[in-house]
Amino acid sequence: MDPNRLHAEIAEVVRRGNCSGCGACALLDKDVVLELADNGFIRPRIGASGPSDTDPTALAEFRQSCPGVSVQAQRPVGTRRHDFLGPIVSIWEAYALDEDIRFKGSSGGTLTALNEWLIATGQIDSVVVAAASDSNPAKTETSSVRTRADIVRATGSRYAPTASAAAADMDNRASAVVGKPCEVAALRALAKSRDQQSPLLLSFFCAGVPSQHATESLIHDLGVDDGAEVATVRYRGHGWPGDFYVEDAHGNSVRTSYDVSWGKHLGPAVQQRCKLCPDGVGESADISAGDFWRTDSSGYPDFTDQDGLSVLIARTRRGEDVIRRAAEEGVIAISAIDPDAVADVQPFQVVRRATLLGRMAGSRLAGHAAPRYRGFRLWRLSLRSPLRTLRAMAGTFRRARRW
Ligand SMILES: Cc1cc2nc3c(=O)[nH]c(=O)nc-3n(C[C@H](O)[C@H](O)[C@H](O)COP(=O)(O)OP(=O)(O)OC[C@H]3O[C@@H](n4cnc5c(N)ncnc54)[C@H](O)[C@@H]3O)c2cc1C
Ligand code: SF4
């Protein structure tokens with residue numbers, strides 16, 4: 001196969017603004033590396049060492065797995081499908097029983113507690129996580145780790161680009177990957193195209209990846225001098241949801257609420273692909289976690305600090321087995337919940353999916369074709385509220401002409 005054909009198709013996904021920066025293409029060709037680009041998002045860089053020998057199946061695998069080309073909704077055995085939450089074997093309110101992990105966790109510390117237990121009991125030998133960079137904690141790095149210390153160090157959400165799929169070991173079923181929905185979708189599709197069993201895939205609800213520049217400007221706006229040495233940058237956690245927190249090398253700290261950091265700085269800076277995403281809930285994972293927000297009297301998520309609570313969704317039998325055994329062994333507390341109660345406290349995810357078809361049409365009219373999405377029942381959702389779909393189409397058309 002001509003390796004340049006693969007390179008050309010990767011470049012086209014990037015050019016169209018459909019690249020999520022997931023990193024899966026780096027698994028297909030050693031000549032593709034993922035790097036932070038000038039726009040503050042991670043993108044593939046091609047041809048670092050000139051044309052290379054590429055596996056002849058790589059192009060077909062790319063077309064099937066790249067979430068900038070297409071995403072196929074999964075239908076694992078034993079699942080029922082929820083319009084907004086995807087395939088469900090079982091669904092739970094959950095939190096880590098280790099108090100330190102729950103406190104540090106993004107919501108209930110469930111993903112960290114599961115990873116820590118899976119490693120400690122020898123069920124997996126490594127897990128891909130994202131954590132603050134040692135050399136510059138304002139940046140985020142992905143790596144495959146094997147120790148409790150490294151897993152716990154990666155607790156919490158990083159609202160910044162990572163290319164977690166690039167660090168996966170696809171040949172090792174006894175490994176795990178924590179990745180955003182697009183990253184696990186790419187890995188699931190890649191495993192399917194190879195007729196291979198994938199590593200254990202863990203994901204979380206995701207409203208999109210903000211540019212790295214948004215982290216840097218937020219730190220600046222909080223009064224930290226550009227170029228000052230920072231020792232800690234935390235996006236949330238240490239309480240639920242916890243603050244955006246920066247500490248310098250001398251122990252001085254500044255912070256702002258989740259409402260302000262996400263609502264005013266990070267949220268508005270998400271990449272184009274995320275605005276047209278069909279899956280913000282980790283449908284392709286074995287297990288997916290999200291915030292199980294409490295709501296205020298008007299029904300909106302209440303961001304006043306409290307003990308963290310996650311929703312955990314088992315999407316495969318493998319995922320369900322992990323959740324149930326972890327609960328039996330005192331790793332996490334779980335109680336069964338109604339999926340509609342979860343959709344009720346995730347208004348962003350519900351509206352984004354319900355209006356996606358309209359936004360995709362608006363984007364296409366403005367000259368930007370979105371990836372192909374199959375099996376998400378987007379027609380059905382859009383027809384439930386045609387007026388809202390039309391409004392979404394018009395709004396996206398206006399904005400997309402400036403993309
Ligand atoms: C970009 C982003 C968007 C999010 N949007 C939503 C949302 O719309 N709704 C919602 O309910 N919750 C959202 N979350 C939070 C997410 O749902 C919680 O992380 C989830 O509830 C898991 O909580 P936990 O306490 O079990 O995880 P923890 O035990 O704290 O573990 C979190 C795990 O996620 C990994 N991780 C952190 N950041 C990244 C990253 N950028 N890429 C890949 N892996 C990462 C860490 O390595 C760690 O293993 C978002 C998180 C991120 C990073
Ligand atoms: S979406 Fe992922 S697989 Fe597709 S080009 Fe971007 S980084 Fe590569």
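## Fold of the chain and its ligand shell

The chain contains 15 helices and 17 strands, and the model described here is a predicted one. Its radius of gyration is 20 Å, close to the 22 Å that the globule rule gives for 403 residues, so the chain is as compact as a globular protein of that length. Along the principal axes, the C-alpha atoms fill a box of roughly 50 × 50 × 50 Å. Of the 403 residues, 51% count as buried, and among the contacts between residues at least 6 apart in sequence, 70% join residues that are at least 24 apart.

Two of the sheets can be described strand by strand. Strands of a sheet pair through backbone hydrogen bonds, either parallel or antiparallel.

One open sheet has eight strands, which follow one another in the order E8-E7-E9-E10-E14-E15-E6-E16, and its pairing is mixed. Strand E8 (140–145) and strand E16 (332–336) stand at the edges with a single partner strand each, and therefore one side of each is left without a neighbour in the sheet. On average, neighbouring strands of this sheet are turned by 25 degrees against each other, if direction is ignored. Helix H6 (residues 181–193) packs on this sheet, where it touches strand E9 (175–178) and strand E10 (200–204), and the direction of H6 makes about 155 degrees with that of E10. Within the sheet, strand E6 and strand E15 run antiparallel and are joined by five bridges, with Ile-91 standing opposite Ile-313 in E15.

Another open sheet is built from three strands in the order E11-E12-E13, and here the pairing is antiparallel. Its edges are strand E11 (230–234) and strand E13 (253–256); because each has a single partner strand, one side of each is left without a neighbour in the sheet. From one strand to the next, the twist averages 10 degrees. E11 pairs with strand E12 in the antiparallel sense, and the bridge partner of Val-233 is Val-246 in E12.

| Strands | Residues given | Bridges | Sense |
|---|---|---|---|
| E6 and E15 | E6: residues 90–96; E15: residues 310–314 | five bridges | antiparallel |
| E11 and E12 | E12: residues 244–248 | four bridges | antiparallel |

Finally, the surroundings of ligand 2 can be described. This ligand is surrounded by 14 residues, of which the closest are Cys-19, Cys-22, Cys-25, Cys-66 and Gly-68. Sorted by class, the shell around ligand 2 has 10 nonpolar and four polar residues, and no charged ones.

Technical notes
Residues are numbered from 1 along each chain as its sequence is written. Chains are lettered from A and ligands numbered from 1 in the order in which they are written. This is a predicted model: local features need pLDDT of at least 70, side-chain atom pairs count only at pLDDT 80 or more; totals for chains, interfaces and linings use all residues. Two strands pair if DSSP finds at least two bridges between them. Helices (H or I, at least four residues) and strands (E, at least two) are DSSP runs, numbered from the N terminus. Axes are lines fitted to C-alpha atoms, for helices over the stretch in contact, and angles run from 0 to 180 degrees between N-to-C directions. Two residues are in contact if their C-beta atoms, placed from the backbone, lie within 7 Å. A residue is near a molecule or strand if its C-beta atom, placed from the backbone, lies within 6 Å of it. Ala, Val, Leu, Ile, Met, Phe, Trp, Tyr, Cys and Pro count as nonpolar, Asp, Glu, Lys and Arg as charged, and the others, Gly among them, as polar. The radius of gyration is taken over C-alpha atoms; the globule rule is 2.2 Å times the number of residues to the power 0.38. A residue is buried if 20 or more other C-beta atoms lie within 10 Å of its own, exposed if 12 or fewer, and partly exposed in between; C-beta atoms are placed from the backbone.
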